[in-house]
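Thank you for making time for this one today.

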Amino acid sequence: TEDREYLVHGERRFMMRLFRPDGVGPFPAVIEVHGGAWCNGDLNDCQVYAEAFAKSGLLVAAIDFRHAGDGYPSSLADINFSIRWLKAHARELGARADRVGIAGQSSGGHLAMLAAMRPDDPRYAAIPLAAPVDASVAAVAMLWPVINPLSRYRHALRARASESPPAWVGNIPDRHNLYWKTEENMAEGNPMLALERAELAKTPPALWLQ
């Protein structure tokens with residue numbers, strides 16, 4: 001494993017932890033996106049998944065990215081950049097630039113799918129990179145993704161307003177408010193509703209584990 005600084009915002013440094021398989025490569029690669037209701041967590045949460053992928057012959061890049069109060073779509077801009085950065089550095093890392101996928105857990109699964117569907121969105125691709133590469137991916141893997149943040153938000157509000165709020169609700173509505181700011185954003189940054197709106201989106205092969 002190796003930690004690399006891949007992105008800087010002001011005085012904030014964002015790291016990528018690389019997990020390399022045994023052998024010389026070049027290996028197919030996957031970007032690992034942590035969960036945490038868009039507000040918590042870091043690349044350390046990807047450790048068990050990244051190790052399993054690497055043992056299976058994939059080069060893994062677990063990433064930190066902006067979230068929480070930075071708000072939508074900051075996370076997507078960082079994730080989009082991480083895909084392009086990995087492709088641009090594929091040769092030195094022993095990766096295949098033509099075989100880069102993305103995976104994530106919970107809110108990270110949502111972000112992974114949204115990034116895969118909109119690789120050319122100008123908001124997501126706003127961070128410049130000198131190398132002429134795009135942010136398209138070959139495949140997506142999601143573990144229990146919060147694929148419809150608006151539905152989950154409204155479900156949590158209803159549950160919290162009930163006579164006996166279930167423990168799972170916790171501060172979920174507050175974390176949604178911190179990151180998404182509005183229900184309009186929850187609907188716009190929504191992979192399921194994007195498909196229902198017939199948005200012109202990329203649809204790479206996707207695996208959803210629930």
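I will take the strands first, then the salt bridges, and finally some backbone details.

Before that, a word on the source: this is a predicted model, in which local features need pLDDT of at least 70 and side-chain atom pairs count only at pLDDT 80 or more, whereas totals for chains, interfaces and linings use all residues. Residues are numbered from 1 along each chain as its sequence is written, and side-chain values use heavy atoms, with hydrogens and water left out.

When I speak of helices (H or I, at least four residues) and strands (E, at least two), I mean DSSP runs, numbered from the N terminus, and two strands pair if DSSP finds at least two bridges between them. Strand 5, residues 95-105, pairs with strand 6, residues 140-143, in the parallel sense over 4 bridges, and within this pairing Ala 103 has Ala 141 of strand 6 as its bridge partner. Strand 6 also pairs with strand 7, residues 206-209, again in the parallel sense and over 4 bridges, with Leu 143 standing opposite Leu 209 in strand 7. Helix 4, residues 107-117, makes a right-handed β-α-β unit together with strand 5 and strand 6; right-handed means that, with the strands pointing away from the viewer, the path from the first strand over the helix to the second runs clockwise.

Turning to charged side chains, how many salt bridges does the structure hold? There are 16, where a salt bridge is a side-chain nitrogen of Lys or Arg within 4 Å of a carboxyl oxygen of Asp or Glu.

Arg 13 forms a salt bridge with Glu 5, with the closest N and O atoms 2.4 Å apart; Arg 13 counts as exposed at 56% relative accessibility, while Glu 5, at 36%, counts as partly exposed. Arg 123 and Asp 121 meet in a salt bridge at 2.8 Å, N to O, and here Arg 123 is partly exposed at 34%, whereas Asp 121 is buried at 15%.

A further salt bridge joins Asp 174 to Arg 160, the closest N and O atoms being 3.3 Å apart. Asp 174 lies in helix 6, residues 172-180, and Arg 160 in helix 5, residues 149-160, so this pair ties together parts that are 14 residues apart in sequence. Both partners are partly exposed, Asp 174 at 40% and Arg 160 at 36%. Elsewhere, salt bridges that share partners join Arg 118, Asp 121, Arg 123, Glu 188, Arg 197 and Glu 199 into one network.

Last, the backbone. The peptide bond from Gly 25 to Pro 26 is cis, with omega near 5°, and Pro 26 sits in the loop between strand 2 (12-19) and strand 3 (27-33). Tyr 72 and Pro 73 are likewise joined by a cis peptide bond, with omega about 5°, and Pro 73 is found in the loop between strand 4 (59-63) and helix 2 (74-88).

Ala 68, which is not a glycine, has a positive phi of about 50°; Ala 68 is in the loop between strand 4 and helix 2 and counts as buried at 16% relative accessibility.

Terms used
Buried < 20%, exposed > 50% of the residue type's maximum accessible area, 1.4 Å probe, protein only.
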